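Subject: The model you asked about

Hi,

Have it open while you read, and skip to whichever part you need.

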Amino acid sequence: MRGKPDAVIVGSGPNGLAAAVTLSAAGLNVLVIEGASAIGGGCRTEELTLPGFRHDVCSAGHPLALASPFFRRFDLAARGVRFAYPEVEFANPLDGGRAAIVTRSLAETAARLNADRRAYQWLVGPVATHNDEIIQALLMPLRRPPAHPFVLARYGLRAVLPASVAVQVWHTPEARAILAGAAAHAMMPLTSVPTAGIGLMLTGLAHAVGWPVVAGGSARITDAMADAVIAAGGSIETGRWVNSLSELPPAAAVLLDISPRALDRLAGDRLPGRYRAALRRYRYGPGVCKVDFALSGPVPWTNEDCRRAVSLHLGGSYEQTAAAEAEVAAGKHPEQPYVLVMQPSIVDPSRAPAGRQTLWTYCHVPAGSDVDMTDRIEAQIERFAPGFRDLILARSVRTAAEEEAQNPNYVGGDIAVGVQSVRQTVFRPTVSWNPYRTPVRGLYLCSSATPPIPGVHGRCGELAALSALRDRFGIREVPDISPDHMRPASTTEPAPSGP
Ligand SMILES: Cc1cc2nc3c(=O)[nH]c(=O)nc-3n(C[C@H](O)[C@H](O)[C@H](O)COP(=O)(O)OP(=O)(O)OC[C@H]3O[C@@H](n4cnc5c(N)ncnc54)[C@H](O)[C@@H]3O)c2cc1C
């Protein structure tokens, strides 16, 4: 690193690194401090089970990275990051060997739904057709008027519904399961607003850009970002947990890729009482219990189409998924949980030795739960893929409590770092004109507890960095983060994994 830092960033998740990339591109001297032994936060890949089995530790599906204006300008492809696409974007197996199938083609997906063909086109069609405008608006600063207000208003009218209301226009079990599976990503009861909006956004993304995984693992994304920061002269320190702001070297700007709870703890009395009280009112959602498997072969899904999908939602019917999510919200551990499954090996052979597979799963559990849900997750998979258990070579389990122990951002195991109610999506972490700026001069929050939404898209980090550039360095233009500016465009080899 070239002398003393202009900016210090605590946390090297995709948002911390997006902030570091943005500030480095503006010519600043950046230091990133990461507590864990490896960079990447929720975007890492490790051998969690057996040698040669590479598992995405947290995020695995990357529609948001593909659609993100930050990553489009950063140009992941030119930096050697390759997305691997399935033939089926996502599938919801049902009992009796049936399944709801979503492919890139809106028309094909709708046609499979027979009686619900027109209703599917009516509800999902506008969100899929205008997905780019909608996603760009959702990932924009909230203070800026949307570029396509009518498109957004049309989505908004659907988005403000709970899934339980939106689903009433569909009658087939398949169509209803599609909405349940996508809406349950919200980690809220399906009777809550805006579960329809989250389900429709994710389904629209499946049609518009797809739900790919990253060839070689999600860590390729954060490795490419770290690589760009280091190439620009910045430095990244791992294995150093920050417990107080006083531990940081002096710098004109400090950006924190941490939760509101940790901000309250790290900044302590430097924050005014009213702001601290608001941070303490911030609401976290349920947790997840994650189980990764090393398998001797592909999962024997009864439904053939499920074998072509990387992402699967195992909740059964709409009613069963809704019941499982309601139980979690009531503080219970469902006997038949809604399980998210990803089988990246079907499109990315690099994840496991020849003929073997990795399988990524999690289910929702009450906040802070230390219950190991392995048996219930396996039973849900067996329900739709009898013989699955015979393939298991090894497992790695992380309860919700362990999720938080490994990454303090995931309070109680909440991987979205905060309930995604309408209020808390608009006003994250507190009600304020600039959510990234804290009352302490030069101190910013840049994690997914700030707008726009959780996920791997880098916009929370980028928007926080743009605020810091304006406030602290008088730089108003958006820095050029393209490979032409930050790194020779000729670089085509993927960055190595790890710090
Ligand atoms: C199991 C799971 C599955 C997910 N699946 C998906 C998915 O498929 N697609 C998707 O888009 N998103 C997914 N997500 C969400 C996604 O990973 C997050 O939204 C994203 O990583 C948030 O990025 P971030 O930079 O804000 O925080 P994080 O990625 O959480 O990074 C924060 C970093 O800060 C470090 N840190 C925190 N406190 C300190 C401290 N005091 N000192 C030093 N370092 C500190 C942490 O160690 C961590 O490295 C998933 C998350 C999990 C956990």
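Let's start inside: the largest cavity is lined by Arg54, His55, Asp56, Ala60, Asp292, Pro344, Arg351, Thr358, Leu359 and Trp360. Keep in mind that this is a predicted model. The volume of that cavity is about 40 Å³, and a search of the whole structure turns up one cavity of 30 Å³ or more. Strands S4 (55–56) and S14 (357–365) each supply at least two of the lining residues, with S14 giving the most, at three.

Some of those lining residues also turn up in salt bridges. How many does the whole structure have? The search finds 24. In one of them, the side chains of Asp56 and Arg351 meet at 3.1 Å, N to O. Asp56 sits in strand S4 and Arg351 in the loop between strand S13 (339–342) and S14, so this pair ties together parts that are 295 residues apart in sequence. Are these two buried or exposed? Both Asp56 and Arg351 are buried.

Asp292, also in the cavity lining, has a salt bridge of its own, to Lys290, at 2.6 Å from N to O. Again, both Asp292 and Lys290 are buried.

Another pair is Arg395 and Glu378, whose side chains meet at 2.5 Å, N to O. Arg395 lies in strand S15 and Glu378 in helix H15, so the bridge ties together parts 17 residues apart in sequence. With 44% relative accessibility, Arg395 counts as partly exposed, whereas Glu378, at 2%, counts as buried. There is also a network: Glu87, Glu108, Arg112, Asp305 and Arg308 are joined by salt bridges that share partners.

Staying around H15, have a look at Ala385. This residue is in the loop between helix H15 (374–384) and strand S15 (392–398), and it is buried, with a relative accessible area of 0%. What does Ala385 touch, leaving aside neighbours within four places in sequence? Its contacts are Val299, Pro300, Trp301 and Thr302. The C-alpha atoms of Ala385 and Trp301 are separated by 4.1 Å, although the two residues are 84 apart along the chain.

Val426 comes from helix H17 (residues 422–426) and is partly exposed, with a relative accessible area of 37%.

H13 also leads us to helix H12 (residues 260–267). Six of its eight residues are buried, so H12 is largely enclosed by the rest of the structure. The buried ones are Pro260, Ala262, Leu263, Asp264, Leu266 and Ala267. They pack against strand S10 (253–256), helix H13 (273–281) and strand S16 (443–445). After H12 comes Gly268, with a positive phi near 50°.

Most residues other than glycine have a negative phi, and most peptide bonds are trans. Against that background, here are the ones to check by eye:

- Pro451 and Pro452 are joined by a cis peptide bond, with omega about 10°. Pro452 is in the loop between S16 and helix H18 (459–473).
- Met187 has a positive phi, near 60°. It sits in the loop between helix H9 (173–183) and helix H10 (195–208) and counts as buried at 7% relative accessibility.
- Val417 has a positive phi as well, near 50°. Its place is the loop between helix H16 (400–406) and H17, and it is buried, with a relative accessible area of 1%.

Cheers

Note on methods. Residues are numbered from 1 along each chain as its sequence is written. This is a predicted model: local features need pLDDT of at least 70, side-chain atom pairs count only at pLDDT 80 or more; totals for chains, interfaces and linings use all residues. Side-chain values use heavy atoms; hydrogens and water are left out. Helices (H or I, at least four residues) and strands (E, at least two) are DSSP runs, numbered from the N terminus. Buried means under 20% relative accessible area, exposed over 50%, partly exposed in between (1.4 Å probe, protein chains only). Contact means heavy atoms within 4.5 Å. On a 1 Å grid over the protein atoms alone, a cavity is a set of points where a 1.4 Å probe fits but cannot get out, and a pocket is an open set with protein on both sides within 12 Å along at least five of seven lines; lining residues have an atom within 4 Å of a point. Grid points are joined across faces, edges and corners, and a volume is the space filled by probe spheres set on the points. A salt bridge is a side-chain nitrogen of Lys or Arg within 4 Å of a carboxyl oxygen of Asp or Glu.
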